[in-house]
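Have the 3D view open and follow along as we go.

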Amino acid sequence: MENLKLYNTLTRKKEWFSPLDPPIVTTYSCGPTVYNYAHIGNLRTYVFMDELRRTLKYAGYTTRSVMNITDVGHLMSDGDDGEDKMASAAKKQNKKPEEIAEFYSSVFFKDLERLHILLPEIIAKATDNITEMIDFVKVLCDKGYGYETDDGIYFDISKFSEYGKLSRCNIEDALAGARVAVNTQKRHPADFALWKKAEKNHIMQWQSPWGMGYPGWHIECSAMSKKFLGDRFDIHTGGVDHIPIHHENEIAQSEALEEHKVVNLWMHGEFMLVDGGKMSKSLGNVYTIDDLIAKGYSPLAFRYFCLNTHYRNKLNFTFDGLDGAATAYNRLRGMISACKSAQKADADTAQKVHAQKAAIVAAVYDDLNFPLALGELWTMAKYACREVYDIAADLDRIFGLDLHLPIEQASTDIPAKIKALAEKRFAARKAKDWATSDALRSELDALGYTVLDGKDGYELRIKN
């Protein structure tokens with residue numbers, strides 16, 4: 001087992017990773033609320049989670065990873081306001097909540113497969129674990145942390161002295177900054193729901209000691225991580241948007257129940273921007289993997305695009321940026337694939353190639369520095385020997401990019417920008433504008449593509 005350094009959001013520093021029970025590493029990842037399609041910003045977070053699990057496995061650890069599927073309890077805000085997202089989607093589409101969950105879950109898992117995101121060992125649906133959630137809330141109430149109001153059971157954050165330690169917000173700030181609660185029975189505006197009492201017409205509800213109701217969103221992850229990983233586990237991952245509310249509340253209720261630290265290391269992936277701004281349906285810039293495929297991009301080109309920015313840095317998505325990533329990815333794969341039939345290196349070159357492999361692995365083991373690792377991989381690929389192919393095949397267990405496989409001549413492997421250039425060249429050729437046609441052929445060649453002209457059209461191929 002190799003030494004890794006990982007950034008801990010709780011301590012705000014990189015730390016040498018030391019699992020509780022080596023060689024097993026226990027991880028919990030916040031999964032999707034399956035009421036809609038996952039967009040590329042969501043999926044960037046799952047690429048990060050996959051990078052972590054792949055790296056742990058490559059380093060010699062055995063992972064016991066859990067990811068939840070939220071199919072109840074997540075209200076329209078991340079706090080306790082609005083309608084349940086699952087119930088709302090069910091009403092709009094005139095379907096049962098379980099039908100909504102099944103459909104969007106299947107799409108989500110298909111997206112993970114296309115992005116080569118390995119599934120965690122355990123997938124936990126919230127609706128399969130309601131009993132565990134009720135039991136969790138009962139103990140919190142017995143310990144004096146939970147209290148009942150007319151609309152539910154709430155966690156009293158004033159009873160947990162370390163509330164805010166993840167987001168670095170003290171309890172006074174939390175209370176002062178909280179919105180005025182609609183429920184005047186809450187002791188503090190920032191208290192959060194553990195269990196919500198359901199109205200008679202609510203389409204998702206279960207019997208509990210407090211009448212018919214459904215779980216609060218935050219309790220789900222605490223109850224399921226306890227069930228599958230125990231009262232202490234190694235790593236909890238999620239997006240940075242979960243830090244101030246969801247994960248802060250998880251810490252409070254889990255540590256209140258167990259009376260000790262539950263999670264050793266908290267890791268968070270940063271936001272994705274689109275054209276330098278926020279992703280928003282109103283702006284028309286929310287894209288899914290299907291949208292990218294429809295525009296001619298390979299899902300693995302998007303994965304490569306994600307790996308070029310460190311998971312703790314914001315990633316700005318543009319189609320020009322994705323074009324560049326797709327072109328670079330295809331050229332890199334071509335270079336590595338060509339090494340399969342290359343000669344073995346001499347001793348001096350082989351030593352340099354293996355030094356590059358060590359540099360790649362060292363970068364990945366330093367808080368998942370995949371951008372640096374990719375740079376070192378490019379340097380290694382230029383040696384153009386058989387060892388490059390063999391090492392790339394081994395390293396693809398970390399990268400998940402099919403680095404060593406031949407490039408398929410599928411349209412989804414060719415970026416829209418390249419197709420547009422080829423069409424422009426074809427139009428120039430039909431108009432007998434040979435100078436423009438030749439210039440565009442040279443431009444395509446420099447970008448890694450070959451044009452084969454035919455009587456009635458052309459064929460565009462990725463250069464190997």
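To start, one term: a residue is called buried when its relative accessible area is under 20%, exposed when it is over 50%, and partly exposed in between, using a 1.4 Å probe and protein chains only. By that rule, Glu255 is buried, with a relative accessible area of 10%.

Before going further, keep in mind that this is a predicted model, where local features need pLDDT of at least 70, side-chain atom pairs count only at pLDDT 80 or more, and totals for chains, interfaces and linings use all residues. Residues are numbered from 1 along each chain as its sequence is written, and side-chain values use heavy atoms, with hydrogens and water left out.

**Salt bridges**

Back to Glu255. Its side chain meets that of Lys165 in a salt bridge (2.8 Å, N to O). The term stands for a side-chain nitrogen of Lys or Arg within 4 Å of a carboxyl oxygen of Asp or Glu. This pair links distant parts of the chain, 90 residues apart: Lys165 is in the loop between β7 (152-155) and α5 (171-177), and Glu255 is in helix α7. Helices (H or I, at least four residues) and strands (E, at least two) are DSSP runs, numbered from the N terminus. Lys165 is partly exposed, at 22%.

How many salt bridges are there by this rule? The count comes to 21. Here are three of them:

| Pair | N to O distance |
|---|---|
| Lys165 and Glu255 | 2.8 Å |
| Asp290 and Arg114 | 2.9 Å |
| Arg397 and Asp394 | 2.8 Å |

Asp290 lies in helix α8 (residues 289-294) and Arg114 in helix α3, so their pair ties together parts that are 176 residues apart in sequence. Arg397 and Asp394 are a local pair: they sit 3 residues apart in helix α13 (residues 386-399), which means about one helical turn separates them. Arg397 is partly exposed at 45%, and so is Asp394 at 22%. Salt bridges with shared partners also join Asp50, Arg54 and Arg303 into one network.

**Buried spots**

His247 belongs to helix α7 (residues 243-258). Is His247 buried or exposed? It is buried, with a relative accessible area of 0%. Contact means heavy atoms within 4.5 Å. Leaving aside neighbours within four places in sequence, the contacts of His247 include Cys30, Leu166, Trp266 and His268.

Gly239, in strand β10, is buried too, at 5%.

**Nonpolar cores**

A nonpolar core is a set of buried Ala, Val, Leu, Ile, Met, Phe, Trp, Tyr and Cys residues joined through side-chain atoms within 4.5 Å. The largest one has 74 residues, and those with the most contacts inside it are Phe302, Phe317 and Phe399. Its largest share, 9 residues, comes from α1. Another core, of 53 residues, lies apart from it, with Ala89 and Phe155 among them.

**The largest pocket**

On a 1 Å grid over the protein atoms alone, a pocket is an open set of points where a 1.4 Å probe fits, with protein on both sides within 12 Å along at least five of seven lines; lining residues have an atom within 4 Å of a point. The largest pocket has a volume of about 1,200 Å³, a volume being the space filled by probe spheres set on the points. Of the 44 residues that line this pocket, the closest to its centre are Tyr35, His39, Gly41, Asn42 and Asp241. Helix α1 gives the largest share of the lining, 5 residues.
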